[in-house]
Amino acid sequence: MSRPAYVTSPDGTSIAYQTIGSGPGLVVLSGAVLPPNAYKKLAKILGQSFGVHVVHRRGRGLSGPQGRGYSIEKECEDVIAVLDATRSHRLFGHSFGALLAVETARREPPGLDHVVAYDPAFTFDRHELADFLPEFADAVGRRHYGRALTTIQRGLQVGGRLDRLPVNVAICANWLLTATVSRAIRPILPTVTAEVGAAFTPATAPSAFRTITADTLILVGEHSPQWLKDHSAAVASGAPSARLHSMPGLDHSGPLMKPDQVAAVVTAFLLG
């Protein structure tokens with residue numbers, strides 16, 4: 001990816017993004033526990049058709065801190081600033097990033113034509129999913145990264161095979177992961193509490209998405225958690241311009257583990 005470029009969000013926070021490829025602009029938003037670089041493979045494939053701008057969301061990467069009064073609204077302002085700076089009319093998000101993509105579309109920024117959201121992490125009536133947050137925050141504070149990652153994976157039911165292992169085995173596996181190939185996750189973990197807390201305090205219902213005018217594709221992994229499937233369907237039903245598409249054989253990590261399969265569907269939708 002290119003050297004980072006920067007925009008300034010309305011609250012003064014510096015937001016970085018990196019670009020790969022050329023063509024019509026497509027802004028990419030990461031999930032809660034993932035660094036921007038995790039989407040490099042997906043961006044490289046999409047970059048064959050688009051100028052892909054991978055955002056370093058606030059609190060991670062080269063961007064400024066989350067800041068006091070962190071909110072979904074501020075994240076959406078960051079996204080709109082990047083859309084404006086890159087003259088992009090297309091938006092892709094994964095998990096929490098998918099929630100932000102849909103919420104940004106709900107604010108109807110000028111020129112936003114297409115939105116793709118993979119497993120958008122809306123909850124609506126599923127507040128009990130947030131019960132793991134105190135344990136997660138405590139583990140992060142103690143720098144018990146393996147325990148923190150295991151806690152959020154099991155709380156959100158997105159750990160895949162790790163969720164089926166004994167908890168102590170999963171903690172050891174995640175500790176090794178965050179100590180080696182996924183070390184970039186460590187500095188991100190402190191930001192997750194505020195993000196998940198914001199996602200679990202929804203001020204909307206599916207009907208709120210009826211104002212979205214951008215063509216919208218909601219993607220769900222065939223093997224993603226049922227709560228994500230249910231609420232993805234609810235979002236799709238609320239937005240008149242949205243359609244729902246199940247990704248066969250994929251789970252919540254589809255954009256990371258099977259980027260070619262996801263990119264093919266995204267490209268066909270955006271160019272179709």
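This is a predicted model: local features need pLDDT of at least 70, side-chain atom pairs count only at pLDDT 80 or more; totals for chains, interfaces and linings use all residues.
Local features need pLDDT of at least 70, side-chain atom pairs count only at pLDDT 80 or more, and totals for chains, interfaces and linings use all residues. Residues are numbered from 1 along each chain as its sequence is written, and side-chain values use heavy atoms, with hydrogens and water left out.

An open sheet of eight strands runs in the order β1-β2-β4-β3-β5-β6-β7-β8, with mixed pairing. Strands (E, at least two residues) and helices (H or I, at least four) are DSSP runs numbered from the N terminus; two strands pair if DSSP finds at least two bridges between them.

Helix α8 lies across β7 and β8, at about 165° to β7. Such angles run from 0 to 180 degrees between N-to-C directions of lines fitted to C-alpha atoms, for helices over the stretch in contact, where contact means heavy atoms within 4.5 Å.

The largest pocket holds about 1500 Å³ of space. A pocket is an open set of points on a 1 Å grid over the protein atoms alone, where a 1.4 Å probe fits, with protein on both sides within 12 Å along at least five of seven lines; lining residues have an atom within 4 Å of a point. The volume is the space filled by probe spheres set on the points, which are joined across faces, edges and corners. Helix α5 gives the most to this lining, four residues.
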